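Please examine the sequence and the structure below before reading on.

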Amino acid sequence: MMHRLTSSVLLLTASLASVNAFVSPTSSSLAVMSSSSMLSAGVFDGVKEPIQSYVDIWTPMFHTAQDAGLAPDFLLHWGHAGAMSMVLLSMGLIGSYMGWQIRLGNGGDVTALTLGDTIREAHPKIIGGAFFFFLLGGQGGLVLLDTQGQSILESPHALTALLSVLLLGSQALLPKLAFASENGEQARTVHAYLGSATMVVLFAHMATGINLGLSF
């Protein structure tokens, strides 16, 4: 069951991230992008209007900053990508590494990365912090996209964002709901492998973000 779930997640992620961010789109990649856009439109159809209303609260401030020369075009275009990549490549990778160290029986160790805590204590703090920054940064990404005159929630990047949030949320709840149950050992196995799948999805999200940034 675990392998089927992980395979499904990875298959969906691979299809969304299959467009190479560093080459010109081909007919096949354009077809993937088109189908993903249609899927995004369906998935977010019921929530796009209220989210757009929320985004509209903030975009005037960014337009003002842009007009005043306080927000360079390059920063508006790539600032979100840079900030979120830093979170993923630092907190995300470190937290994932710590999760597997716990799985391998080293959860009681204290290292330079844990700042005095054990690995078991530091793991949820670091991953929880990364999740917080992803949620906060996601809002910024929507606002910056709208500031540049682009449609929101209509790209593969939006789909991988939703999938990432759902996976991270599930991972956060799983230890609290299942680790102490009679199926606790199975829940820990699911948590470990689904955590790795979540990291793959997050890297696919980064790839779709690069694709989106290079598209305009």
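Leu 153 is buried, because its relative accessible area is 9% and buried means under 20% relative accessible area, exposed over 50%, and partly exposed in between (1.4 Å probe, protein chains only). Leu 153 is found in the loop between helix 5 and helix 6; helices (H or I, at least four residues) and strands (E, at least two) are DSSP runs, numbered from the N terminus. Although Leu 153 is not a glycine, it has a positive phi of about 60 degrees. The model discussed here is predicted: local features need pLDDT of at least 70, side-chain atom pairs count only at pLDDT 80 or more, and totals for chains, interfaces and linings use all residues. Residues are numbered from 1 along each chain as its sequence is written, and side-chain values use heavy atoms, with hydrogens and water left out.

Another residue with a positive phi that is not a glycine is Leu 115, at about 55 degrees. Leu 115 belongs to the loop between helix 4 (73-103) and helix 5. Is Leu 115 buried or exposed? With a relative accessible area of 76%, Leu 115 is exposed.

The loop between helix 5 and helix 6 also holds Gln 150. Its relative accessible area is 29%, so Gln 150 is partly exposed. Apart from neighbours within four places in sequence, Gln 150 is in contact (heavy atoms within 4.5 Å) with Leu 145 and Phe 216. Gln 150 and Phe 216 are 66 residues apart in sequence, while their C-alpha atoms are 8.7 Å apart in space.

The protein as a whole may now be considered. It has 7 helices and 0 strands, and along the sequence these give the pattern α-α-α-α-α-α-α. Of the 216 residues in the protein, 35% are buried. Among contacts between residues at least 6 apart in sequence, 75% join residues at least 24 apart.

How the helices pack is the next topic. Two packed helices are described by the angle between their axes and the distance between the axes. Axes are lines fitted to C-alpha atoms, for helices over the stretch in contact, and angles run from 0 to 180 degrees between N-to-C directions. The axes of helix 4 and helix 5 come within 9 Å and cross at roughly 160 degrees. Helix 4 is therefore roughly antiparallel to helix 5, given that angles under 35 degrees count as roughly parallel, over 145 as roughly antiparallel, 65 to 115 as roughly perpendicular and the rest as oblique. Helix 4 passes helix 5 in a left-handed crossing; a crossing is left-handed if the near helix is turned anticlockwise from the far one by less than a right angle, and right-handed if clockwise. The residues of this contact comprise 16 nonpolar, 11 polar and 1 charged. In this classification Ala, Val, Leu, Ile, Met, Phe, Trp, Tyr, Cys and Pro count as nonpolar, Asp, Glu, Lys and Arg as charged, and the others, Gly among them, as polar.

Helix 5 also meets helix 6 (residues 156-178), the two axes coming within 11 Å and crossing at roughly 150 degrees. Helix 5 and helix 6 are therefore roughly antiparallel to each other, and their crossing is left-handed. On the side of helix 5 the contact is made by Phe 131, Phe 134 and Leu 135, and on the side of helix 6 by Val 165, Leu 168 and Gly 169. These residues divide into 5 nonpolar, 1 polar and no charged.

With helix 3 (residues 48-67), the axis of helix 5 comes within 8 Å and crosses at roughly 65 degrees. The crossing of helix 3 and helix 5 is right-handed. Among the residues that meet there are Trp 58 and Phe 62 in helix 3, and Val 143 and Leu 144 in helix 5. By class, the contact of helix 3 with helix 5 has 8 nonpolar, 6 polar and 2 charged residues.

Leu 144 deserves a separate look. It lies in helix 5 (residues 119-147) and counts as buried, at 13% relative accessibility. Not counting residues up to four places away in sequence, Leu 144 touches Phe 62, Leu 76 and His 80. Leu 144 and Leu 75 are 69 residues apart in sequence, and 9.6 Å apart in space from C-alpha to C-alpha.

Thr 208 is buried, with a relative accessible area of 3%. Which side chain forms a polar contact of 3.0 Å with that of Thr 208? The partner is the side chain of His 157; a polar contact is a pair of N or O atoms within 3.5 Å, where, within protein, one must be able to donate a hydrogen and the other to accept it, and residues adjacent in sequence count only if both atoms are side-chain atoms.
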